[in-house]
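This briefing is for a reader new to the structure shown below. Please keep the sequence and the model at hand while reading the points that follow.

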Amino acid sequence: IPISVTVHAFELAKSKIIYSIYYPGKLQATQTGGTLYPHYKSEQQYLAELRDMKAHGVLYPNFWQRYSKTLVPRALHLRNQVGLPKDRLFITSPPGAPAAAAGTVRGWKALVASSGFKNIYLYGLDEASGNLLRIQKPSWANVQKAGGKMFASAWKEDPFPVMGKLLNVLVWSGGAQPAMAKQYHSVGSKIFCYSNPQCGVEEPLVYRYNYGLALWKADYDGAMPFAYQYAYGHLWNDFDSKKFRDHVFAYPTPTGVVGTMQWEGFREAVDDVRYINTLERAIKK
């Protein structure tokens, strides 16, 4: 098929929107080679998937590795090898009880410091509302007192009236909400988008708009869709669960990944934002 290509005489600016993603991949204690499962990776797979995410504009995949003095530094070394930024790390570990929260922060900060990572974020209870949200308030306060930050997902209840500035990053489900963005910005916090839709729907244009220009228009700070890979059964079988189909942007192989057209749509979302940021930079100049 003949193709005509125009190469513009400018470099695209970096995206001002922070692109993260739920990434369950973890290194195994014993390296036994690659698997076809989303949660356990060989070092070769981990590197391949991180490189794939970076190539699609996702520079801040969240960190599912459990606290380990051997595996955490190794996983962070691989992130550094790929060239991912070190200015923030979204760790999906919770802070624990109020009395333990400060110790959790100190432990993680000491563990990641040698790899150059700063500004660690611990994870609140997933999609918590009602009493499950409210009982976390003392722990989140102790996290911040100890020099850490908090991020959490939500969809039933906006945590702002309860948590306010104790929530540094809200990962809000569904369509972009400009009023909520303004609300969180008023206390110096950020708002990200997920579940609009979850990963895996073969409609690339939906991802391109909902995670790109729509977020820029609503003054959102980031995106953290769920998930790069998450299985409800076997990841390579979309039909073996009666509850959900698997949530996948890229399927694992023993040595790499097989991408999807929805994943390319998401990459276009990042590129669209970079074009907008390039335009804004040119206007300012």
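In this predicted model, T104 touches P94, P95 and L122, leaving aside residues up to four places away in sequence.

**T104 and its surroundings**
- T104 is part of helix α3, which covers residues 98-113.
- A polar atom of the T104 side chain lies 3.0 Å from the backbone oxygen of P95, and P95 is also among the residues that T104 touches.

**The sheet**
- Eight strands form an open sheet with parallel pairing, in the order β4-β1-β10-β9-β8-β7-β6-β5.
- The edge strands, β4 (60-61) and β5 (89-90), each pair on one side only.
- Strand β9 (residues 190-194) and strand β10 (residues 222-223) run parallel and are joined by two bridges.
- F192 has G222 in β10 as its bridge partner.

**The cysteines**
- The number of disulfides is zero, where a disulfide requires two cysteine sulfur atoms within 2.5 Å.
- C193 counts as buried because its relative accessibility is 0%.
- C199 has a relative accessibility of 2%, so C199 counts as buried.

Methods:
Residues numbered from 1 in each chain as written. Predicted model: local features only at pLDDT ≥ 70, side-chain atom pairs only at ≥ 80, totals over all residues. Heavy atoms only, no water. Buried < 20%, exposed > 50% of the residue type's maximum accessible area, 1.4 Å probe, protein only. Pairing = 2+ DSSP bridges. Helix = DSSP H or I, 4+ residues; strand = E, 2+ residues; numbered from the N terminus. Polar contact = N/O pair within 3.5 Å; in protein donor to acceptor, adjacent residues only side chain to side chain. Contact = heavy atoms within 4.5 Å.
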